[in-house]
Amino acid sequence: MFVALRSPELTVVIEDVGAQLASVRNVRGTEYLWQGDPAVWPRRAPLLFPIIARLKGQQYTLEGKTYTIPTHGFCRTAPFKVVEQSESRVSFRYEDTEETRQVYPFSFALTVTYSLEGNCLRKSHQVENRSEGAMLYELGGHDGFRAPLEEGESMSDYAIRLPGVEAVRPYGMDGENMITPKTASHPLPKGRMPLKPSVYGLDTIILDELPERRALLVDGADRPRVTMEFPDFPFLGVWTAAKDFDTNYVCIEPWTTLPDAVFAGRGLADKPGIRTLEAGARETLTYTTWFD
């Protein structure tokens, strides 16, 4: 099932599977969202919960027990239910099941709300712990945006701008894409960061300690086309699949937590940035995107 939200500037479509964006179009018909190509990257904007990225051996430990969980968790293919809907707002909810508790032994409710106003789309994630004890979790976005957006442009015309950043020092990665400590610093010519992580020999550009939690996708004229603010997310991933051709999209990914790292233990509690929610508590994490 698909739900459409409308404003004078945008039409936004969200799919109930994964509560993920399916389309963002302006009044001129420009599609901002990557539409998924199986030959390149088949997804569009998956939701990452209760873990981010891959774990070593797809496993973690908790209270002496080992659990095996898929990359990015299970919510990106989960059937969410619509619990609230209007012309400019919709909320989807997913709750734990017997199957989820086999890989993630917590009782929870995750409510994802999209609110559209003008050219601004706000995405809020309310996490509720229904367990008897504290719950550990990770949460992130993986929104893929088309680049280029207009005919006559190329992917190489586009870049990411990070306000206040003149050089980036991303985390490294080993041969299994496990995170390694930061090493080299890379200056950003004219403040523009390339869209392809392979420029730095990485699968994903992973940053933290940004002076502003804001990222802009800019075109060749340095005009912001997509602007994302993520005050509740201390980590940022920038990713596109490594190909020998332009993939024509880039993912801007706000994360609560650093993916699995060689310097972290195997316990879920060892993950840098892991969030803890006490029994019966709930919290809301939000990021906002503007389309121009």
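How many cavities of 30 Å³ or more does the count come to by this rule? The points below take up this and related matters.

1. The count comes to 1 cavity of 30 Å³ or more, where a cavity is a set of points, on a 1 Å grid over the protein atoms alone, at which a 1.4 Å probe fits but cannot get out. This is a predicted model, in which local features need pLDDT of at least 70 and side-chain atom pairs count only at pLDDT 80 or more, while totals for chains, interfaces and linings use all residues. Residues are numbered from 1 along each chain as its sequence is written, and side-chain values use heavy atoms, with hydrogens and water left out.

2. The largest cavity holds about 40 Å³ of space, a volume being the space filled by probe spheres set on the points, which are joined across faces, edges and corners. L21, Y114, L121, K123, D143, Y287, T289 and F291 line the largest cavity, lining residues being those with an atom within 4 Å of a point. Strand 9 (120-129) and strand 23 (282-291) each supply at least two residues of this lining, and strand 23 gives the most, with 3 residues; strands are DSSP runs of E, at least two residues long, numbered from the N terminus. By class, the lining has 5 nonpolar, 1 polar and 2 charged residues, with Ala, Val, Leu, Ile, Met, Phe, Trp, Tyr, Cys and Pro counted as nonpolar, Asp, Glu, Lys and Arg as charged, and the others, Gly among them, as polar.

3. The largest pocket (an open set of points with protein on both sides within 12 Å along at least five of seven lines) contains about 330 Å³ of space. Of the 19 residues that line this pocket, R54, H72, H142, D203 and W239 are the closest to its centre. The lining of the largest pocket divides into 9 nonpolar, 5 polar and 5 charged residues.

4. The largest nonpolar core has 73 residues, of which F80, Y104, L110, L162 and M193 touch the most other members; such a core is a set of buried Ala, Val, Leu, Ile, Met, Phe, Trp, Tyr and Cys residues joined through side-chain atoms within 4.5 Å. Strand 8 (residues 108-117) provides the largest share of this core, 5 residues. A second, separate core has 11 residues, F235, W255, A261 and A264 among them.

5. T111 lies in strand 8 and is buried (under 20% relative accessible area, with a 1.4 Å probe and protein chains only), because its relative accessible area is 8%.

Key. Buried < 20%, exposed > 50% of the residue type's maximum accessible area, 1.4 Å probe, protein only. Helix = DSSP H or I, 4+ residues; strand = E, 2+ residues; numbered from the N terminus.
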